[in-house]
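Colleague: I have a model open and want to read it feature by feature. Can you walk me through it?

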Amino acid sequence: MIYVNRPVVALPPHEVTLKEIQDDIVRAHPEHPRLPAILRVLDSTGVQRRRFARPLATVAADRPAAESNANAYADLCELAERAAREALDTGGLGPLDVDCLITTHATAFAVPGLDVHLVNALGLRSTVSRIPMTQLGCAGGAHALVRAAEFLAAHPGQRVLVVAAEILSSVYQHSDDSMEAMIYKALFGDSAGACVVSDARPAGPAFRVDDTWEYVVPDSTERYEMTLDDRGFHFGSTPAALKGVGDLMPHLRDWLGADTGAWKPQFTVAHTGGPRILTDLATGLECLSEVTRHSWESLQERGNLGAVAVLDVLARTYDEPPATGDTGVLIGFGPGFTAAACRATWCGPTEKGERS
């Protein structure tokens with residue numbers, strides 16, 4: 001059995017409200033022909049606040065791509081290191097207890113990357129196994145847990161440290177003035193998250209991974225994508241992106257056994273991509289709104305955290321847990337349109353003397 005300890009989420013210092021984002025867009029695009037519509041759509045995102053690693057004025061300023069990337073990588077490393085240290089402390093582990101390090105981020109490019117930085121910063125063993133992932137986008141957190149489960153299946157008794165981090169404010173570009181780009185300005189937030197995954201059952205309540213799944217929607221390369229020019233990184237999407245969850249839903253339901261009536265989620269740990277993604281997921285899985293409430297709360301309070309989102313939602317699930325024995329699904333969605341998921345069971349605390 002594979003267990004995911006309660007994740008830790010590290011947040012940067014600068015809280016930015018929806019009103020501040022809207023005011024910044026008005027200042028930068030006073031003559032935009034769709035400005036009233038843009039402001040109305042941003043109100044509908046449900047995101048009230050998010051955290052940025054740097055002040056909004058700095059984030060919104062034009063700056064060379066190299067400078068923007070260097071700042072983003074420095075901020076990414078700081079947040080990731082903070083989350084990782086706390087996750088080890090929470091799990092009662094020291095740096096030398098980690099057998100495998102899995103990192104994921106799509107923002108901030110560097111070689112060597114976050115994995116090598118954390119080996120040195122945390123004092124992990126030089127022989128630690130490393131699985132660095134840099135192109136999974138918002139699905140990264142779920143993919144990292146899938147990779148952790150696979151590693152532990154091959155290496156029983158070992159411990160995996162999963163670290164996800166994103167500086168999504170680095171794609172905040174006033175040169176991008178489409179409706180989609182404006183929505184991303186209001187959705188995205190910065191953060192890092194970390195957790196310990198092992199086959200040793202924790203003493204307290206625990207999220208147990210029972211099965212894993214991955215899917216790529218065919219011919220979806222351009223639905224969501226990040227590009228680079230001399231201004232820096234840009235995130236964009238096509239109208240077909242809105243159909244992504246619907247396109248993969250039959251395959252997800254088949255894997256879960258939902259079409260046979262044998263399974264229905266009693267809880268979800270769902271990526272906070274935006275209202276449409278959460279609504280389509282709940283509709284496709286025939287969930288009550290209560291089943292996705294932790295994702296809606298995360299979206300409202302922290303925005304779309306990219307790869308970190310499922311870790312934030314899982315932490316909230318630990319804080320207000322399902323009933324012992326309830327079954328559910330953790331799922332993240334990424335570009336073009338891809339998904340990674342874990343089917344899971346919520347385990348209650350172990351009884352005194354019970355073997356883990």
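Colleague: Leaving aside neighbours within four places in sequence, which residues is leucine 122 in contact with?

Modeller: This is a predicted model. Leucine 122 sits in helix H5, residues 114–122. Beyond its neighbours within four places in sequence, leucine 122 touches Glu81, Ala84, Arg85, Pro95 and Leu161. Take Arg85 as one of these partners. Leucine 122 and arginine 85 are 37 residues apart along the chain, yet their C-alpha atoms are separated by 7.2 Å.

Colleague: Is leucine 122 buried or exposed?

Modeller: The cut-off for buried is under 20% relative accessible area. Leucine 122 has 6%, so it counts as buried.

Colleague: Which contacts does isoleucine 167 make, again leaving aside neighbours within four places in sequence?

Modeller: Isoleucine 167 is in strand E7, residues 159–167. Its contacts are Ala53, Ala72, Asp75, Leu76, Leu79, Thr107 and Asp190. Isoleucine 167 is buried, at 2% relative accessible area. For a distance in space, take asparagine 69: it is 98 residues away in sequence and 9.7 Å away, C-alpha to C-alpha.

Colleague: How many residues of helix H11 are buried?

Modeller: An α-helix has 3.6 residues a turn, so residues three or four places apart point the same way. Now the case here. H11 spans residues 309–319 and is mostly covered, with 10 of its 11 residues buried. The buried set includes Asp312 and Arg316, along with Leu311 and Leu314.

Colleague: How many cavities of 30 Å³ or more are there?

Modeller: A cavity is a space where the probe fits but cannot get out. The count here is 1. The largest cavity has a volume of about 100 Å³.

Colleague: What lines the largest cavity?

Modeller: Its lining includes Phe52, Tyr172, Asp176, Lys185 and Phe235. By class, the lining residues split into 8 nonpolar, 2 polar and 2 charged. Helix H7, residues 179–187, gives the most to this lining, with 3 residues.

Colleague: How many disulfides does a search of the whole structure find?

Modeller: The test is a pair of cysteine sulfur atoms within 2.5 Å. The search finds 0. For cysteine 138, the nearest cysteine sulfur belongs to cysteine 342, 17 Å away. For cysteine 195, the nearest is also that of cysteine 342, at 10 Å. Cysteine 195 is buried, with a relative accessible area of 0%. Cysteine 138 is buried too, at 13%.

Colleague: On to the backbone. Which peptide bonds are cis?

Modeller: Read omega. A cis bond joins valine 111 and proline 112, with omega about 0°. Proline 112 lies in the loop between strand E5 and H5. The bond from proline 335 to glycine 336 is cis as well, with omega near -20°. Glycine 336 is in the loop between strands E13 and E14.

Colleague: What is phi at alanine 108 and at glutamate 286?

Modeller: Alanine 108 has phi near 70°, a positive value in a residue other than glycine. It is in the loop between E5 and H5, and it is buried at 3%. Glutamate 286 has a positive phi near 55°. Glutamate 286 lies between helices H9 and H10 and is partly exposed, at 47%.

Colleague: What average pLDDT does the chain have, and where is it below 50?

Modeller: The chain averages 94, and 98% of the residues score at least 70. Over residues 352–356 the pLDDT is below 50, and this stretch has 2 contacts beyond near neighbours in sequence. Where pLDDT is low, the predicted coordinates should not be read in detail.

Note on methods: Residues are numbered from 1 along each chain as its sequence is written. This is a predicted model: local features need pLDDT of at least 70, side-chain atom pairs count only at pLDDT 80 or more; totals for chains, interfaces and linings use all residues. Side-chain values use heavy atoms; hydrogens and water are left out. On a 1 Å grid over the protein atoms alone, a cavity is a set of points where a 1.4 Å probe fits but cannot get out, and a pocket is an open set with protein on both sides within 12 Å along at least five of seven lines; lining residues have an atom within 4 Å of a point. Grid points are joined across faces, edges and corners, and a volume is the space filled by probe spheres set on the points. Helices (H or I, at least four residues) and strands (E, at least two) are DSSP runs, numbered from the N terminus. Ala, Val, Leu, Ile, Met, Phe, Trp, Tyr, Cys and Pro count as nonpolar, Asp, Glu, Lys and Arg as charged, and the others, Gly among them, as polar. pLDDT is the predictor's confidence in each residue, from 0 to 100. Contact means heavy atoms within 4.5 Å. Buried means under 20% relative accessible area, exposed over 50%, partly exposed in between (1.4 Å probe, protein chains only).
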